[in-house]
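Hi everyone, thanks for coming. Please have a look at the sequence and the model on the screen, and then we'll walk through them together.

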Amino acid sequence: MGHAGFGQSGSDIVCAAISVLVINTLNSIEELAKEKMITESDEKEGYIECHFPDEINEKTKLLMDSMVMGLKEIERNYSTQKKAFSKKKRYFELIIKEV
């Protein structure tokens with residue numbers, strides 16, 4: 001939820017990387033794992049939510065684990081960055097909730 005704020009709107013590489021990972025994962029779950037899902041999104045707000053009405057299959061679990069691994073790597077590399085002559089700035093925080 002929200003944009004990363006790492007760069008200017010339209011050139012924020014962190015926001016773009018997160019978006020690609022999430023959208024590709026959801027597309028893969030739908031096409032490759034044949035999973036039913038309900039999604040809601042707002043591109044302007046940088047928001048996407050996905051609900052699975054049924055228990056997810058093993059392919060979906062693997063794809064979700066892969067997405068989380070990629071998101072954690074982005075967080076490790078880009079969530080904070082030290083700017084010249086200033087303290088570290090935090091750009092985003094990854095929060096994973098299992099419901």
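First, some ground rules. This is a predicted model, where local features need pLDDT of at least 70 and side-chain atom pairs count only at pLDDT 80 or more, while totals for chains, interfaces and linings use all residues. Residues are numbered from 1 along each chain as its sequence is written, and side-chain values use heavy atoms, with hydrogens and water left out.

The chain has two helices and four strands, in the order α-β-β-α-β-β along the sequence. Helices here are DSSP runs of H or I with at least four residues, and strands are runs of E with at least two, numbered from the N terminus. Of the 99 residues in the chain, 22% are buried, and buried means under 20% relative accessible area, exposed over 50%, partly exposed in between, with a 1.4 Å probe and protein chains only.

Now for helix 2. At its start, a side-chain oxygen of N57 comes to within 3.1 Å of the backbone nitrogen of K59.

Which residues of helix 2 are buried? They are T60, M67, G70, L71, I74 and E75. Turned away from the buried side of helix 2 are the exposed residues E58, L62, D65, M69 and R76.

Methods
A polar contact is a pair of N or O atoms within 3.5 Å; within protein, one must be able to donate a hydrogen and the other to accept it, and residues adjacent in sequence count only if both atoms are side-chain atoms.
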